[in-house]
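Morning, everyone. One chain today, and I'll keep it short. Please have a look at the screen.

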Amino acid sequence: MANAYAASGRWGDFAQVRKKMKERNVKKVPGFSEIEVNGKNHTMDKMNPDLKGEIEKKLNIYYWEELTA
């Protein structure tokens, strides 16, 4: 929930959720990215590091192109 607030710029709500999590000793479970290549799903954490780096670079370029369009 905190990350959803952060993504939408609701920093006050983000801070409240993180504060409550800390008070209640709640641990955030790390997420992972998944991508489909040639009809096969790959998780980014188990992927060949070179391929992972190339995919991340292309996704970043695409993201910034969309952001500035």
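**Fold and overall shape**

Reading from the N terminus, the elements of the chain go α-α-β-β-α. The radius of gyration is 16 Å, while the globule rule gives 11 Å for 69 residues, so the chain is more spread out than a compact globule. Keep in mind that this is a predicted model. In total, the secondary structure is 3 helices and 2 strands.

Now the dimensions. The C-alpha trace spans about 45 × 30 × 20 Å along its principal axes. Buried residues make up 12% of the 69 in the chain. Next, contacts. Take those with a separation of 6 or more: 3% of them join residues 24 or more positions apart. The accessible surface is about 6,200 Å². Carbon and sulfur atoms hold 53% of that surface.

On to the aromatics. How many aromatic pairs does a search of the whole structure find? It finds 1. The partners are W11 and F14, with ring centres 5.6 Å apart and planes at 80°, so this pair is edge-to-face. Over 60 degrees is the cut-off for that label. Both residues sit in helix 2, residues 11–23. They are 3 residues apart, about one turn of the helix.

F14 has 21%, so it counts as partly exposed.

Last item: the surface. Y63, W64 and L67 form a nonpolar patch there. Together they have about 360 Å² of accessible area. W64 belongs to helix 3, residues 49–68.

That's my tour. Over to you.

Note on methods. Residues are numbered from 1 along each chain as its sequence is written. This is a predicted model: local features need pLDDT of at least 70, side-chain atom pairs count only at pLDDT 80 or more; totals for chains, interfaces and linings use all residues. Side-chain values use heavy atoms; hydrogens and water are left out. Patches are made of residues with over 30% relative accessible area and no salt bridge: like charges are joined within 9 Å, nonpolar side chains (Val, Leu, Ile, Met, Phe, Trp, Tyr) within 5 Å. Accessible areas come from the Shrake-Rupley method with a 1.4 Å probe; for residues, only the protein chains shown count as cover. A salt bridge is a side-chain nitrogen of Lys or Arg within 4 Å of a carboxyl oxygen of Asp or Glu. Helices (H or I, at least four residues) and strands (E, at least two) are DSSP runs, numbered from the N terminus. Rings of Phe, Tyr and Trp (its six-membered ring) pair if their centres lie within 6.5 Å; planes under 30 degrees apart count as stacked, over 60 as edge-to-face and the rest as tilted. Buried means under 20% relative accessible area, exposed over 50%, partly exposed in between (1.4 Å probe, protein chains only). The radius of gyration is taken over C-alpha atoms; the globule rule is 2.2 Å times the number of residues to the power 0.38. Contact means heavy atoms within 4.5 Å.
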